2 protein chains.
Amino acid sequence: MRNGLRNKGLRRYDSPMKHRPTVKDVAKAVGVHASTVSRALNPEKRGRLSDDLVARVLAAAETLGYRTNALAASLRTRRSMAVGVIIPDITNPVFPPILMGIEDALRAQGYISVVANTGNDSERARIAVEQLTARRLDGLILATALRRDPLVDLCLARGMPAVFVNRRDETRRIPSVVSDDEAGVQLAIEHLVALGHRRIAHIAGPSITSTGFARRRGFEFAMAEVDGAPRPPLVVEARTYGRDSGHQAFLELLALNPKVTAIVTSNDLLALGCCDAMREARLSCPADISITGYNDMPLLDIVTPPLTTVRIQHHEMGAEAARMLIDIIENRERRAAMDIVLKPDLVVRGSTAAPRATPAKLQLAEP
Amino acid sequence: MRNGLRNKGLRRYDSPMKHRPTVKDVAKAVGVHASTVSRALNPEKRGRLSDDLVARVLAAAETLGYRTNALAASLRTRRSMAVGVIIPDITNPVFPPILMGIEDALRAQGYISVVANTGNDSERARIAVEQLTARRLDGLILATALRRDPLVDLCLARGMPAVFVNRRDETRRIPSVVSDDEAGVQLAIEHLVALGHRRIAHIAGPSITSTGFARRRGFEFAMAEVDGAPRPPLVVEARTYGRDSGHQAFLELLALNPKVTAIVTSNDLLALGCCDAMREARLSCPADISITGYNDMPLLDIVTPPLTTVRIQHHEMGAEAARMLIDIIENRERRAAMDIVLKPDLVVRGSTAAPRATPAKLQLAEP
DNA sequence: TTGTAAGCGTTATCAG
DNA sequence: CTGATAACGCTTACAA
């Protein structure tokens with residue numbers, strides 16, 4: 001992809017494309033030089049021009065329908081006032097609110113965002129970084145979730161300002177804004193323990209993702225403090241963050257230890273997958289097994305059962321990341337912390353309850 | 001917003017920004033002229049160069065880490081190989097799959113997308129069009145849902161190629177890719193009629209949106225054919241497409257006519273809002289009233305009750321729109337139709353059933 | 001206060 | 001086949 005712009009060769013689009021007026025046109029109309037027009041149009045340096053001239057330029061620009069060509073301006077100033085956002089999968093309901101937060105914060109400072117989906121494909125992620133770099137964006141916000149990511153080296157090599165959102169770079173070379181995953185899992189565990197659960201298991205997200213890894217670590221860490229908890233801690237890792245994977249992981253977990261009374265999952269979809277599996281096995285949630293999710297995605301309040309989950313501050317996370325990136329781009333004194341960690345909340349709904357006095361028979365129904 | 005690029009003035013970012021190698025650098029390294037490098041890098045016109053030279057240029061570019069500056073190339077060629085996508089609310093689960101379809105189709109042809117959220121704010125939509133135009137994107141895909149939209153005039157005035165997705169311009173000046181909303185509503189009605197329903201009502205989306213309007217028209221049209229249906233047709237318009245609005249509209253509808261046995265809604269969230277209201281009123285869905293949604297958003301299979309809904313081809317819709325736009329941009333012979341209409345499907349789940357023999361008492365529970 | 005001239009990096013055009 | 005030149009539209013030292 002050295003030459004994305006000409007991949008498909010040059011296409012004719014010399015159709016009725018109107019001549020867009022340029023500074024020169026405006027200059028001619030007013031009878032001044034183009035550079036004067038440029039100055040008059042720039043609020044920052046309008047000051048040194050006569051008010052009358054400025055007014056005339058503005059008027060002429062208006063009537064001609066002049067719009068500045070951002071391409072040319074960026075080429076000259078080396079600033080595009082645009083930042084790229086790299087997202088694994090916009091279809092995953094975690095990301096839209098983060099994106100909104102990013103956009104809101106960017107807009108407040110006059111920036112726009114260019115988002116690229118990578119479909120969880122690291123090659124596409126690489127291409128996205130290359131493309132956005134080629135377009136000379138001012139910085140990048142990375143929401144991809146890998147724990148070790150070659151994108152870090154790429155950004156560093158290209159001298160591209162970057163910030164992680166919803167994940168942390170393990171090599172700590174790029175600042176990040178994350179939610180406290182250890183704390184979130186701990187909230188879920190405390191809740192379950194208070195209800196009387198001890199045989200609590202974890203269905204972890206893929207360990208290559210930073211969230212999957214952190215939440216699992218949080219689980220193991222917190223469970224070490226729980227008296228009467230299984231040793232070693234019961235953990236099954238799901239292949240992906242999808243509902244199917246949750247379903248499958250649930251079956252594996254039950255095969256491993258049929259006596260669990262509660263499951264803390266790494267993600268709402270995994271939790272819903274567990275519920276699917278329980279329905280098939282004619283088990284009841286929460287009567288037989290309590291389940292917690294993670295993220296508090298939309299509609300969890302009306303699924304059956306309504307899912308107890310950990311809510312994270314998606315919008316705020318995105319907004320903070322954007323502000324941090326702009327600080328870096330504009331060389332403002334960087335905030336004290338290289339990383340911002342937001343606090344999660346527990347949302348208690350119907351999928352958690354006290355365990356049965358007598359453990360249920362946890363046998364799968366005949367197929 | 002005449003000068004988006006300098007809104008906040010010029011910022012210093014002359015920090016350790018590496019010198020990015022240019023064609024000149026490569027040219028110097030190889031000992032040829034910059035224009036030769038440009039040609040060697042362009043697969044289209046590489047042909048006329050000696051293989052040896054091309055190889056040397058490629059090698060030099062590689063070792064220097066040359067990346068073409070897309071800004072400069074776009075300025076010169078007047079083609080950015082990027083198209084803008086304007087979306088009302090990325091948080092609405094209808095849009096991510098459409099966006100995926102768009103991105104997939106664009107990528108297949110070497111284009112990238114720049115998406116802008118407008119938050120259902122027409123002023124922000126206008127600004128978005130201006131900004132994307134300023135950046136000289138090659139075209140626009142509009143997913144905003146208004147029936148009469150000043151954006152149309154704006155695009156036309158700016159000579160910006162544009163296509164609508166999921167909506168149609170009433171003035172028919174811009175091509176569109178939509179799902180057949182009349183047919184979709186008809187599917188829902190046929191299903192309900194087959195179950196034995198006659199007193200079928202409609203909760204319409206906002207009539208300023210093209211989808212809300214079309215589905216309502218479809219409802220009125222199809223109900224006119226149903227013997228024993230209420231005359232005039234029972235319709236309540238929701239303020240927005242949100243769950244709250246569905247809740248509220250349900251109450252209005254019941255006040256209007258307490259004997260309805262089925263409700264066709266214009267959108268899944270409206271349907272879920274109806275379910276919320278029914279739960280509060282201790283009414284049972286589908287026993288007391290059957291409900292259908294529209295769009296088949298994720299998780300509808302596990303909400304209570306699982307929602308019968310109309311599925312539309314989101315991904316395909318986006319992909320078609322992107323292909324159509326590229327056809328226009330590249331002046332290919334335009335497809336025969338200015339509009340593409342995709343067929344929806346009915347997905348039958350648990351929220352629809354035969355009406356009770358005796359109509360339920362549809363009184364709201366005491367507050 | 002305004003004009004001049006140069007340059008951002010690329011590519012089209014015209015020579016040779 | 002390759003080189004020189006100019007131009008895309010804008011901004012900004014530097015001059016006046």
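Guide: This is a predicted model. Chain A is divided into domain 1 (2-68), domain 2 (76-179 + 314-342) and domain 3 (181-312). The part to look at is the boundary between domain 2 and domain 3 of chain A. The C-alpha centres of these two domains lie 29 Å apart. At the boundary, 12 residues of domain 2 of chain A are in contact with 11 residues of domain 3 of chain A. Between them the two domains bury about 1100 Å², and 56% of that area is on carbon and sulfur atoms. On the side of domain 2, R147(A), S179(A) and H314(A) lose the most area to domain 3, together 48% of what that side buries. The residues of domain 2 that touch domain 3 divide into five nonpolar, three polar and four charged. Across this interface the rule finds zero salt bridges, while the count of residue pairs in polar contact, both at pLDDT 80 or more, is five.

Now for the whole, which also has a chain B. A rotation of 180° with 0.0 Å of shift along its axis superposes chain A on chain B, with an RMSD of 0.1 Å. That is the relation of a two-fold axis. In chain A, the C-alpha nearest the axis belongs to V303(A), 1.9 Å from it.

Note on methods
Residues are numbered from 1 along each chain as its sequence is written. Chains are lettered from A and ligands numbered from 1 in the order in which they are written. This is a predicted model: local features need pLDDT of at least 70, side-chain atom pairs count only at pLDDT 80 or more; totals for chains, interfaces and linings use all residues. Side-chain values use heavy atoms; hydrogens and water are left out. Domain bounds come from an automatic or database domain assignment. Contact means heavy atoms within 4.5 Å. Buried area is the accessible area (1.4 Å probe) that two parts lose on being put together, summed over both. A salt bridge is a side-chain nitrogen of Lys or Arg within 4 Å of a carboxyl oxygen of Asp or Glu. A polar contact is a pair of N or O atoms within 3.5 Å; within protein, one must be able to donate a hydrogen and the other to accept it, and residues adjacent in sequence count only if both atoms are side-chain atoms. Ala, Val, Leu, Ile, Met, Phe, Trp, Tyr, Cys and Pro count as nonpolar, Asp, Glu, Lys and Arg as charged, and the others, Gly among them, as polar. Copies are superposed by least squares on the C-alpha atoms of residues with pLDDT of at least 70 in both.
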